[in-house]
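User: I'm new to reading protein structures and would like to go through this one step by step. Can we take it one question at a time?

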Amino acid sequence: MATIGHNNLNAKLVLLGDMGAGKSSLVLRFVKGQFLEFQESTIGAAFFSQTLAVNDATVKFEIWDTAGQERYHSLAPMYYRGAAAAIIVYDITSQDSFTRAKKWVQELQKQGNPNMVMAFAGNKADLEDKRQVTADEARVYAEENGLFFMETSAKTAANVNDIFYEIAKRLPRAQPAQNPAGMVLVDRPAEGSRGAASCCS
Amino acid sequence: MLESELHDLSDDADYAASQQQGSASVMLRSDSAKQSSPHEQDDAEVLFSKDNVAIHPTQFASERISGRLKLIKQGSSLFMTWVPYKGHSSEANLSEKDRSLYTIRAVPFTDIRSIRRHTPALGWQYIIVVLSSGLAYPPLYFYSGGVKEFLATIKQNILLVRSAEDANVFLVNDFQNTLQRTLSSLELPRAVSVACGPSNLSVDEPNSPSFNDNQERTNSGANNLSASVPQFHGRPKHKVNDPRDISIQVLEKFSLVTRFARETTSQLFGENQNNGFSGYERRTRIQPNLDQPKKSTDIAEKVPAENPVIPDPKPLDKLSLVWGKPRQPPLDSPEWTAFLDSEGRVTDSEALRKRIFYGGLEHNLRKEVWGLILGYYAYDSTYAEREFLMSVKKSEYETIKNQWQSISKAQAKRFTKFRERKGLIEKDVVRTDRSLAFYEGDDNPNITVMRDILLTYSFYNFDLGYCQGMSDLLAPILFVMGDESEAFWCFVALLERLGPNFNRDQNGMHSQLFALSKLVELLDCPLHNYFQQHDCLNYFFCFRWVLIQFKREFEFEKTMRLWEVLWTHYPSEHLHLYVCVAILKQYRNKIMGEGMDFDNLLKFINELSGQIDLDASLRDAEALCICAGENGAACIPPGTPPSMPIDDGSFYNQLEDEIL
Ligand SMILES: Nc1nc2c(ncn2[C@@H]2O[C@H](COP(=O)(O)OP(=O)(O)O)[C@@H](O)[C@H]2O)c(=O)[nH]1
Ligand SMILES: [Mg+2]
């Protein structure tokens with residue numbers, strides 16, 4: 001969900017993708033400017049926030065980083081429901097992670113908020129010599145599915161801030177005030193009109 | 001998981017057959033309708049009623065609680081109730097509180113996510129009902145059969161589909177709606193069977209006693225929400241009418257204890273409790289844990305006026321002073337030797353476990369003792385027997401390891417599952433405890449050993465496979481054991497206890513988080529109410545704590561200390577849940593004072609990593625565990641990990657069933 005104050009927008013963002021694709025590393029780079037060669041795996045989920053200035057407004061991202069393994073799939077909806085934006089991450093050195101990313105896109109298209117801004121991130125772009133997924137292939141897929149696409153590297157920081165900045169620019173602006181009590185409220189069936197889905201009404 | 005992947009129950013011949021028994025449930029319906037109250041609303045009908053459906057709150061057969069399970073239709077809504085029998089002679093030792101705690105009061109199926117059917121090789125079929133909130137009821141054992149009819153009746157009334165991933169899991173309504181409800185229902189107080197605050201919504205309350213039946217009314221006609229005080233010696237029975245009173249009663253019991261303790265301890269220390277030892281000690285313990293040390297001394301004053309914090313009904317200061325005994329230095333070699341007879345048997349395993357519980361082990365003893373407390377070696381084995389077992393197990397390990405080592409490249413190409421598993425494991429071993437000297441650096445051979453053990457385990461237990469978090473459990477074990485085969489078998493022993501944490505349907509985690517919610521409700525009702533009001537009752541913010549036993553919360557040495565303490569299963573095999581309660585209680589004022597919602601709570605809890613005082617938490621946990629006593633134990637559904645291995649081997653049957 002995204003909320004707006006005086007030129008200040010709060011936006012819930014979720015990272016999805018195969019384990020090891022670099023979700024946590026992207027967040028860590030964006031939020032703390034760090035990179036860990038041996039970033040430990042995410043157990044359960046992690047929550048971060050970071051504010052970006054876009055033109056004369058600010059966007060405060062409330063970021064959910066999730067565990068990637070298929071085994072924990074059943075927990076994911078808890079985190080992506082009500083999200084205003086998602087970054088679906090794959091690892092350009094792994095065709096499998098690309099396949100899995102496409103599955104996440106499908107799931108979000110089916111179950112997610114229809115106005116969700118979706119970014120498709122081909123991470124580990126610094127590992128050119130191990131590349132298995134071409135940028136063209138990913139770009140075509142992204143265009144067909146209405147996502148915007150960037151290759152990123154959490155390691156070198158290439159395109160990391162940019163992808164968040166792009167998302168911030170694309171977030172729908174005029175949104176009614178939201179119930180502040182947390183992500184679950186958007187999903188109250190009776191209150192669908194307050195959910196992110198209707199934010200442009 | 002996607003709708004298209006689900007197939008309907010009707011493809012199952014069993015179900016087609018059981019549906020024909022629908023007429024039987026119609027008879028039951030008219031039968032039960034007669035018994036019900038004259039106030040019954042016209043549209044409430046009992047579609048299914050089954051006697052002798054029981055829960056097993058503890059592992060003791062004498063403590064099982066039998067009751068009647070019903071499906072009730074009111075308008076277009078379907079409800080499930082389970083009400084324990086009253087005054088049953090064989091269960092006379094059960095308190096009313098236990099009954100009330102477990103009573104399922106007309107839960108609507110819109111609040112239910114799934115039903116899992118278990119068919120153990122030995123014993124009764126049972127089901128686990130998981131709510132949309134993520135909580136689950138304790139397993140319901142069908143002593144007189146009827147699981148099929150139960151499911152068939154549900155299916156006749158609402159959409160029930162079999163999960164594509166697990167044929168024993170039945171999803172209530174379609175996936176998409178279920179997802180919506182997963183979140184939306186978190187706000188419904190009735191998702192929890194015992195409401196702690198204002199009475200929960202329930203069609204079976206006194207003003208609409210439509211679902212009461214004879215069983216419940218034989219006992220002095222009280223409505224079925226009534227509960228009596230836990231019985232103390234010779235005290236007259238006394239009834240209370242609100243479920244909230246149960247915890248109040250429990251707390252009163254605690255406060256008696258506390259008052260008693262206060263008197264004794266002030267004598268002991270010869271000083272006034274209020275400004276004495278405990279207050280001072282508590283502060284010095286908490287101080288290093290907070291960003292701004294000043295906060296800790298004056299938490300109450302720091303709390304903003306708009307967030308008044310309801311005081312802890314049982315401040316830990318007093319409890320620790322009473323119960324939580326001071327931690328001891330770790331067990332050392334001379335003391336360890338004294339526990340052994342001349343041939344190496346542990347003469348008094350109970351005393352040993354107790355000693356390790358209070359102080360842990362000196363590091364050099366871990367290699368020898370971990371295998372015993374994990375149950376890999378028997379306490380009464382001799383040095384020679386352990387040596388022998390070690391060599392037998394070594395070759396057994398090699399055999400299993402060889403199963404995957406002999407898979408050729410060409411074979412692996414056509415063995416997706418193997419490649420996937422290997423891939424998962426390889427991704428995780430290189431990012432597990434790499435800052436530790438033992439695992440650090442390129443081409444560290446210990447990382448290869450870790451990979452080999454995990455891959456071998458995924459062949460040893462192919463159904464469970466590899467799951468994120470397992471490498472965290474293995475890293476300290478391999479570090480301590482050094483030897484590959486020994487580490488493997490200790491890891492196996494640990495996963496016999498914790499395996500269900502990694503089940504695909506998350507049932508091991510659900511039951512632990514459910515138990516945790518019950519324990520907080522019992523031990524800190526205001527905090528429970530706070531979580532309820534802030535949609536935090538699913539306790540997912542404690543997921544990491546529970547899944548890998550606090551591995552990420554403490555530095556490596558402290559994790560090893562905590563684990564050996566937990567593995568003693570003294571004073572409870574579920575002490576880890578009391579550790580959760582203890583930590584939450586330590587930070588309750590901050591959590592409530594700052595009005596944390598789910599997001600911020602999860603962030604806060606994750607960031608506590610490295611800041612929790614282990615000894616203080618253990619001491620508090622012990623105090624809480626002892627104070628909660630049987631009432632605490634009753635909060636924990638049977639089979640909640642870590643299941644204590646039972647000598648007769650039935651444990652393994654159960655585990656097998658869990659992992660399916
Ligand atoms: N070379 C390179 N490695 C990366 C990059 N991003 C992440 N990694 C590494 O990939 C591994 C998995 O990263 P992580 O962020 O934990 O992935 P997650 O499971 O998706 O959260 C870690 O060892 C990271 O150091 C990147 O952009 N370039
Ligand atoms: Mg991660």
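User: Which element gives the most residues to the shell around ligand 1?

Analyst: Keep in mind that this is a predicted model. Ligand 1 sits between chains A and B, and there are 20 residues around it. The element that gives the most to that shell, with 3 residues, is α1(A).

User: How much of ligand 1 does the protein bury?

Analyst: Start with some polar contacts. An oxygen atom of ligand 1 is 2.7 Å from a side-chain N or O atom of B:Arg431, and an oxygen atom of ligand 1 is 2.8 Å from a polar backbone atom of A:Ala154. On its own, ligand 1 would expose 580 Å², and the share of this that the protein buries is 93%.

User: Which two residues coordinate the magnesium ion?

Analyst: Look for donor atoms on chain A: the magnesium ion, ligand 2, has an OG atom and an OG1 atom at 2.1 Å.

User: Is B:Cys627 buried or exposed?

Analyst: Buried here means under 20% relative accessible area. For B:Cys627 that area is 8%, while another cysteine, B:Cys467, has 0% and is buried too. With its 8%, B:Cys627 is therefore buried.

User: What percentage of the residues of chain B count as buried?

Analyst: Let's get to know the chain a bit. Chain B has 29 helices and 12 strands, and it exposes about 26200 Å², with carbon and sulfur atoms supplying 52% of that area. Of its 660 residues, the part that counts as buried is 60%.

User: In chain B, what share of the contacts with a separation of 6 or more comes from residues 24 or more positions apart?

Analyst: A contact here needs heavy atoms within 4.5 Å. Among chain B contacts with a separation of 6 or more, pick out those between residues 24 or more positions apart, and they account for 70%.

Technical notes: Residues numbered from 1 in each chain as written. Chains lettered and ligands numbered in written order. Predicted model: local features only at pLDDT ≥ 70, side-chain atom pairs only at ≥ 80, totals over all residues. Heavy atoms only, no water. Buried < 20%, exposed > 50% of the residue type's maximum accessible area, 1.4 Å probe, protein only. Helix = DSSP H or I, 4+ residues; strand = E, 2+ residues; numbered from the N terminus. Areas by Shrake-Rupley, 256 points an atom, 1.4 Å probe, with all protein chains shown as cover. Donors = N, O, S within 2.8 Å, 3.2 Å for Na, K, Ca; no water. Near = heavy atom within 4 Å. Polar contact = N/O pair within 3.5 Å; in protein donor to acceptor, adjacent residues only side chain to side chain.
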